Amino acid sequence: MSDMEKDAVLQDEAAVDDEVVSKTLTSGWKRFLAGSSYASAENETKRAMQSRHLMMIAIGGTIGTGIFLSAGSAIALAGPGSALLSYFVVGMFVYSVVISLGEMSAMFPVSGAFSVFGSRFVSPALGFTLGWNYWFQWSLSIPSELTAAAIILQFWAPQVQAWEWAIVIIIPVFLLQLIHVRVYGESEYWFALIKVLMIIVFIFAGLIYDWGGVKGHPGPGLSNFHNGQAFIGGFQNFAQTFVYAFYSFGGVELVAVAAGESVQPHKTVPRAIKATFFRIVLFYILTILTIGLCINWQDPTLLSAAADSDVTASPLTVVFQRAGFGAAAHVVNAVLLTAVLSATNSCFYASSRMLLSLARSGQAPRVFGWVTSRGVPVPALVMALAVSSVTFLTTIWGEGIVFTWLLNLTGISALLVWGSIGLISLRFRAAYQAQGRSLLDLPYVQPFFPLLPAGVVVLALLMFIAEGYSAVKEQPFEAKNVAATYIGVALYIVLYSGYTIYERFGLGIRQHFVPLLEVDLQTDAVWKPGEGTIIRDDEGRGGEGAAGTVTPGWRTWLSYAAKHVY
């Protein structure tokens with residue numbers, strides 16, 4: 001064989017080897033993205049999240065930039081008293097939302113949650129609107145969280161651009177989502193646990209500093225609440241703080257979305273829903289109070305993104321620095337970064353699951369309904385990744401400006417979703433009663449019905465009016481402030497009216513609302529009519545048998561108390 005023939009054979013063998021390697025690599029990527037088989041519309045998501053995962057997601061899963069950064073803006077804008085009152089009012093509001101939503105989610109644990117409930121209990125137009133509105137809300141929260149992450153990282157490396165940090169953060173979070181829902185649940189469990197411990201330490205350290213317990217650092221005491229400093233700017237400024245509170249509380253309804261992938265949702269969802277009470281009291285009310293006590297509303301270190309693009313360190317970091325824990329500031333900032341990573345992780349999860357639900361309902365392109373054999377909606381996740389590219393606008397307009405516009409859009413969108421949940425809850429109960437169903441069949445029954453859902457609707461209208469009043473009265477008057485306030489409303493109206501027109505003229509459907517007697521109360525239910533009491537009795541007898549050998553102690557009493565907390 002000549003040298004030329006040998007070279008030809010070697011080239012052919014090399015080509016074959018390259019082809020084999022290429023196919024192997026391609027196959028490897030396909031297995032990574034799609035599991036053991038390709039993504040398909042027939043695959044379903046996996047019920048792999050345990051009770052502890054759902055519980056920790058409810059307590060601290062989505063605590064992120066809202067409380068760590070935006071809380072400073074609320075205090076700087078209207079004073080510590082107004083901020084505290086605002087977060088309390090919104091806290092009670094969202095608590096009512098979660099209780100109302102929890103009743104439906106425990107019975108019908110689906111990833112689409114209130115979007116599915118809106119289509120099923122009220123009208124397809126409402127479900128379509130809530131689904132896409134919620135998808136926009138969470139998808140646009142990704143760039144705001146990445147912006148916040150860049151701000152936190154610039155605490156250590158101010159020379160690095162925001163978009164560079166965004167790339168470093170978003171790639172590992174996205175890859176984490178591609179593995180399995182259990183990985184999301186487990187990562188959120190530990191992320192949330194770190195945030196919970198961090199908030200508890202902050203509250204104790206902040207109060208000790210405020211009371212003068214740090215040597216060489218006389219605490220401010222109640223001075224920030226004296227001499228008219230508690231309430232600044234009257235009702236107008238107070239109303240403006242609502243948008244920061246909405247943004248901070250965003251994600252309390254995520255438990256309902258995660259119910260679609262949880263084990264024994266009739267047990268885990270009610271427990272997680274009740275845990276939101278502690279989240280509201282501990283991680284919002286006490287944190288706002290501590291920040292207000294330790295930092296004066298005129299302090300330049302408070303976040304003032306509404307005024308300029310100079311976004312400074314978190315109020316939590318500032319408090320630790322002033323308390324004399326200089327080295328701890330780095331630890332605090334690292335925990336804040338963990339919190340933002342956690343919130344970004346939740347953003348990807350919520351937006352992808354809602355888009356998946358819309359596609360499965362025929363209200364989004366079918367390709368987004370594809371799920372891998374591991375239960376991962378890869379196309380929906382890729383779409384969320386594409387939207388997150390909005391982050392790169394921060395290099396053009398400045399971090400503070402983009403952060404403020406995204407905050408307004410997501411904050412008002414959250415208010416619209418929450419208000420709609422109140423209406424859905426009222427309609428669900430009306431249909432349930434009209435069809436002669438027993439409340440004993442519900443895994444969780446909300447207390448004080450119909451006060452909570454009705455209160456949600458009324459408070460949503462009042463806070464919406466207050467937001468508009470504040471935007472109009474702000475001096476000097478600027479049309480962009482009004483536009484920023486109502487940009488979420490415009491999206492809501494366009495979606496609802498657009499689908500209604502399509503339904504009327506495109507599909508030829510004249511009946512807009514679902515009749516009460518035709519509401520589907522069986523699909524996706526955890527059990528059939530009349531089985532609820534039987535199943536609970538069986539589980540109760542099993543639990544009593546296991547508990548018979550347990551000596552009553554402090555854990556027993558704490559469990560008993562937690563069982564009755566609403």
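My entries follow, from the whole chain down to single residues.

**Ground rules.** I am working with a predicted model, where local features need pLDDT of at least 70, side-chain atom pairs count only at pLDDT 80 or more, and totals for chains, interfaces and linings use all residues. Residues are numbered from 1 along each chain as its sequence is written, and side-chain values use heavy atoms, with hydrogens and water left out.

**Whole protein.** I looked up the helices and strands: there are 19 helices and 0 strands. Both are DSSP runs (helices H or I, at least four residues; strands E, at least two), numbered from the N terminus. Of the 566 residues, 54% are buried. Buried means under 20% relative accessible area, exposed over 50%, and partly exposed in between (1.4 Å probe, protein chains only). I also checked contacts between residues at least 6 apart in sequence: 83% of them join residues at least 24 apart. Contact means heavy atoms within 4.5 Å.

**Helix 8 and helix 16.** I took residues 234-249 and residues 451-473. Their axes come within 8 Å and cross at roughly 120 degrees. That makes helix 8 oblique to helix 16. Angles under 35 degrees count as roughly parallel, over 145 as roughly antiparallel, 65 to 115 as roughly perpendicular and the rest as oblique. Axes are lines fitted to C-alpha atoms, for helices over the stretch in contact, and angles run from 0 to 180 degrees between N-to-C directions.

**Helix 4 and helix 5.** Here I used residues 114-121 and residues 124-153. The axes come within 6 Å and cross at roughly 165 degrees. Helix 4 is therefore roughly antiparallel to helix 5. Phe114, Ser115, Gly118 and Ser119 of helix 4 meet residues of helix 5, among them Pro124, Leu126 and Tyr134.

**Loops.** Which peptide bond is cis? I found the one from phenylalanine 449 to proline 450, with omega near 5 degrees. Proline 450 lies in the loop between helix 15 (399-434) and helix 16.

Alanine 113 sits in the loop between helix 3 (65-107) and helix 4. Its phi is near 45 degrees, a positive value in a residue other than glycine. Is alanine 113 buried or exposed? Alanine 113 is buried, with a relative accessible area of 0%.

Aspartate 524 has a positive phi too, near 70 degrees. Its loop runs between helix 17 (479-506) and helix 18 (531-547). Aspartate 524 is partly exposed, with a relative accessible area of 38%.
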